[in-house]
Amino acid sequence: MRRFCVRAAVLSVVLAAALLAGLVRSGTPVGPVHAQAVKDTARVVIVDSNATFSPANEYLGQWGFAPSHVTVTQGEPIEFDNPAGNFFPHTVTSITWSGSPTSRTLTVGAAFNSSPTNDAFLTPGTSFTLDTSTLQPGQYLYFCSIHPWMVGTITVTAPDASATPQ
Ligand SMILES: [Cu+2]
């Protein structure tokens with residue numbers, strides 16, 4: 001009986017310490033240092049199949065990138081997954097633009113490209129991680145160069161955007 005009580009007392013102290021540690025940690029303000037230390041990876045799933053459509057439906061416009069728009073802080077990686085259950089290879093290829101609204105020149109693959117060669121296509125079951133640390137803050141358009149109707153957009157924000165008024 002006494003042995004049990006000692007164990008219970010030790011357990012209580014351990015639990016109290018754990019609770020206290022949790023309270024202290026949750027009470028710590030989240031500052032810029034913490035925000036930089038934690039890097040989430042945004043995830044985009046490439047869709048070319050699901051329960052209701054198949055390769056025969058490829059022109060119905062149901063293929064794409066999900067979500068089709070992501071916002072990341074500069075330096076935060078974005079993982080593009082082509083799931084093993086998909087049917088086709090795909091690419092994640094930037095489209096950048098110059099010129100005026102009525103006379104645009106579009107450039108393919110200048111900002112980023114998962115697949116600069118045919119050997120680098122993202123086959124089902126593979127993924128591509130985009131390093132955004134070299135991208136300037138701004139808007140990016142991308143598509144699949146094999147299936148150009150598959151399009152997506154990325155917003156890259158400055159690392160200190162939350163701390164610096166713009
Ligand atoms: Cu594709």
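**Entry 1: Met150**

I started at Met150, which touches Trp63, Gly64, Phe65, His90, Phe143 and Cys144, leaving aside residues up to four places away in sequence. A contact here means that two C-beta atoms, placed from the backbone, lie within 7 Å. I noted that this is a predicted model, where local features need pLDDT of at least 70, side-chain atom pairs count only at pLDDT 80 or more, and totals for chains, interfaces and linings use all residues. Residue numbers start from 1 along each chain as its sequence is written.

**Entry 2: the core**

Next I looked up the largest nonpolar core, which has 18 residues; Met150 is among those that touch the most other members, together with Ile78, Phe80, Val92, Phe128 and Leu130. Two or more residues each come from strands S1 (42-47), S4 (78-82), S6, S7 (126-130), S8 (138-143) and S9. For the record, such a core is a set of buried Ala, Val, Leu, Ile, Met, Phe, Trp, Tyr and Cys residues joined through C-beta atoms within 7 Å. Buried means 20 or more other C-beta atoms within 10 Å of the residue's own, exposed means 12 or fewer, and partly exposed lies in between.

**Entry 3: the whole chain**

I then stepped back to the chain: 17% of its 166 residues count as buried. Among contacts with a separation of 6 or more, 65% are between residues 24 or more positions apart. I found two helices and nine strands, in the order α-α-β-β-β-β-β-β-β-β-β from the N terminus. These are DSSP runs, numbered from the N terminus: helices are H or I with at least four residues, strands are E with at least two.

Strands pair if DSSP finds at least two bridges between them. S4 and S7 run antiparallel, joined by five bridges, and I see Ile78 opposite Leu130 in S7.

**Entry 4: the five-stranded sheet**

The other entry on my list was an open sheet of five strands, ordered S3-S9-S8-S5-S6, again with mixed pairing. S3 runs parallel to S9 (residues 151-157), with five bridges between them. There, Thr71 stands opposite Thr155 in S9.
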